[in-house]
Amino acid sequence: MGVAEKVSALDTCLKEYLWRFTEGKDNAESHNRELLKALRESMGCGLAFVMTRNSADDSISVAEVSFEAGDDKLCGAKFDVDSQEAQNLIQVLDENSIGTEGLSFLGENFNNSVLYYAVVVMDELWGLVGVMDIHNQKHIWSDEDKKSLSKVGKVFALQIENVHLKDALLRTENANKAKQQFLSDMSHDIRTPMNAIIGFATLAGSHLQEFERVQAYLDKITASSKHLLSLFNDVLDITRIEDGRVHLEELPQSLGDMMNDIKNIIQDQAAAKEISFLMETSGVIHERIFCDRLRFNQVLLNLISNAVKYSNQGGNVTVTISEVPSQKEGYVSIDFEIRDNGIGMSPEFVEHIFEPFERENNTTSNVVQGTGLGMAITKNIIDLMGGDIVINSTQGEGTQVLLHLDMKLQKDVYVDGEVERLPEVVGKRALIVVDSDDTCQSLTGILEKLGSKVENTMSVDKALLLAEQEKYDAYFISWRIEDKVSGLDVVKKLRQIVGNDVPILLLTDGMYSGVEEAAYSSGVSAFIEKPLFISDVKKNIKSAMNIHDAETEERSIAQEEFMGRRILLAEDNKMNQEIAITILEEAGFFVDLAENGEMAVTKVTNHPPKHYDIILMDIQMPIMDGYEATRRIRAMEEEGKKDVPIIAMTADAFFEDRQAALACGMNEHLAKPVDVERLFAILKSLLV
């Protein structure tokens with residue numbers, strides 16, 4: 001059959017295909033293979049194909065194929081095609097969307113001469129319709145060949161575009177559902193810390209005369225407030241996280257402080273479900289690190305909250321924090337194990353757990369609301385921090401989450417990597433009486449690092465015998481020993497043996513508020529709450545020994561440094577003015593107020609040089625914003641005016657906002673709500 005006859009046969013097949021479609025007599029797509037067969041026969045080729053590009057990843061797959069040998073195993077075959085390859089392919093097309101360049105992504109098995117029609121929509125490659133001469137690598141394609149392919153290509157282009165549009169519609173619908181679920185879950189999560197804040201504020205107001213109880217309530221309010229702030233940041237920051245545009249702001253932190261804040265938040269969630277929640281440490285000595293506290297809290301709270309949520313009433317959740325040898329000099333490696341005996345997950349779901357908006361599709365797990373933040377975001381942050389996460393789970397038995405992070409050490413805190421000893425306990429003897437090997441090893445390691453000589457036992461009888469036979473300078477007793485024996489009973493017996501002068505510290509798994517009176521009357525000198533961190537142990541040893549806390553002394557010295565200093569506060573919000581002025585005046589500052597940027601510039605201009613020691617500058621203010629006010633101050637000619645330290649104190653809290661503040665001439669950036677300790681630390685560093 002000649003060329004004309006072949007073309008005519010193809011046109012006949014094409015007309016019948018379109019007639020079926022327009023008349024509704026049959027589903028045209030069911031005859032795709034017949035049309036492709038007619039196409040390859042009209043060109044004398046051994047292979048004709050239709051390929052569609054996957055919009056979700058960088059790949060292209062064979063949707064339909066006609067092969068002269070009748071083998072259609074190529075159907076569904078997938079090939080990697082990145083965005084640059086797709087763009088290069090588009091660039092070599094002629095004005096009719098026809099190309100003859102080799103398709104390199106098909107590999108060496110498909111390097112024969114190929115002719116293809118590209119479906120290009122909005123400069124994006126959506127699919128290919130083509131033929132390949134499997135017998136001749138140097139086939140020269142005629143104009144008739146290109147016209148024939150173009151006719152068939154335009155027909156298949158409608159199908160390819162329809163597939164993409166359906167996929168886009170489905171993704172849009174799923175995105176809308178995800179947004180609705182996200183808002184619902186966020187409403188739930190925001191109400192949880194808000195409930196804690198309102199509840200503990202009410203309780204604090206009812207016990208104003210009980211200092212320690214009020215202090216405990218205020219600590220919980222502070223922890224819940226920080227968690228609430230992190231949720232708000234996540235709502236605003238979620239697109240940055242998913243797009244990889246989040247930057248870590250690593251500042252000096254205490255691992256102990258961060259984990260204690262997390263524990264205070266989780267404890268109430270666990271108690272509401274009568275879940276036994278335990279947080280332990282194992283060999284953690286180096287806790288002073290650099291870390292983005294907000295991101296760290298976001299990861300740990302999400303992982304531990306999930307363990308609590310997906311555990312049944314009366315279940316168990318254990319978090320173990322372990323220090324392991326680090327492969328990076330100047331870093332500490334920390335492993336976190338989060339284990340629960342909850343509902344668990346199927347292997348199929350675990351494989352997809354880090355994909356956005358994925359949730360286990362079973363009636364048990366769907367009863368429990370998720371955080372709305374998603375494991376995908378958590379994984380993204382862990383990757384950003386250079387960490388690793390592994391999840392092991394068995395449906396109906398529970399889940400184990402293993403998280404590994406390397407965090408930079410605060411070198412100025414550790415001399416040659418070693419912890420500073422506590423002079424008051426160096427060479428002193430301590431007896432540990434606890435109910436757990438892990439607790440025993442952890443506390444022993446801490447006390448030995450502080451310089452103490454340590455003995456330990458898990459037997460009450462042996463402990464009492466040792467107390468009668470040996471002289472110890474301090475005792476550390478578990479809240480409960482040997483499952484049945486109360487630590488308070490042990491303390492009472494020890495007091496009868498050793499008298500009232502020797503410190504006895506009681507180790508507790510959770511909050512001890514409500515039992516202080518009974519504990520102190522039994523002879524307890526101080527409490528140490530798990531998880532055990534060296535800073536907490538030092539603080540409580542000092543409390544038990546009535547040693548003046550150096551940190552309190554440093555704080556008072558820092559406030560003395562502020563005495564008589566003059567600070568200009570540029571802030572337009574009345575409530576923020578009141579809070580800031582009160583904090584600053586109580587610290588010793590003389591505060592001058594400017595209600596917008598223009599007033600701040602005027603005050604600096606009208607006063608002599610060095611009148612103000614420092615400026616706190618809001619960003620979003622009427623008349624003149626903080627950026628422009630800073631630029632005008634920096635443009636002044638007089639020394640003592642143009643170089644006055646300026647701190648951005650603003651609700652613009654993202655990395656880009658910090659960079660913008662520094663770019664216009666500010667010295668530091670502090671996000672609202674203000675962390676008072678960090679504010680004082682920045683003020684101290686700039687007031688030299």
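The model is predicted: local features need pLDDT of at least 70, side-chain atom pairs count only at pLDDT 80 or more, and totals for chains, interfaces and linings use all residues. Residues are numbered from 1 along each chain as its sequence is written, and side-chain values use heavy atoms, with hydrogens and water left out.

**The sheet**

- Five strands form an open, parallel sheet in the order β15-β14-β16-β19-β20. Strands are DSSP runs of E of at least two residues, and helices are runs of H or I of at least four, numbered from the N terminus. Two strands pair if DSSP finds at least two bridges between them.
- The edges are β15 (453-457) and β20 (526-529). Each has a single partner strand, so one side of each lacks a neighbour in the sheet.
- Neighbouring strands are turned by 20° against each other on average, direction ignored. Axes are lines fitted to C-alpha atoms, for helices over the stretch in contact, and angles run from 0 to 180 degrees between N-to-C directions.
- Strand β14 (residues 429-433) runs parallel to β15 and is joined to β15 by five bridges. Arginine 429 has lysine 453 of β15 as its bridge partner.
- Helix α13 (residues 487-498) packs on the sheet and touches β16 (474-478) and β19 (504-508). Contact means heavy atoms within 4.5 Å. The direction of α13 makes about 160° with that of β16.

**Salt bridges around the sheet**

- The structure holds 27 salt bridges. Each is a side-chain nitrogen of Lys or Arg within 4 Å of a carboxyl oxygen of Asp or Glu.
- Arginine 429 also meets glutamate 470 in a salt bridge (3.3 Å, N to O). Arginine 429 sits in β14 and glutamate 470 in the loop between α12 (460-469) and β16, so the pair ties together parts 41 residues apart in sequence.
- Glutamate 470 is partly exposed at 36% relative accessibility, and arginine 429 is partly exposed at 24%. Buried means under 20% relative accessible area, exposed over 50%, partly exposed in between (1.4 Å probe, protein chains only).
- Lysine 530 and aspartate 509 form another salt bridge (3.1 Å, N to O). Lysine 530 lies in the loop between β20 and α15 (534-544), aspartate 509 in the loop between β19 and α14 (516-522), 21 residues apart.
- Lysine 530 is buried at 4%, whereas aspartate 509 is partly exposed at 37%.

**Other salt bridges**

- Glutamate 639 pairs with lysine 642 in a salt bridge, with the closest N and O atoms 3.5 Å apart. Lysine 642 is partly exposed at 28%.
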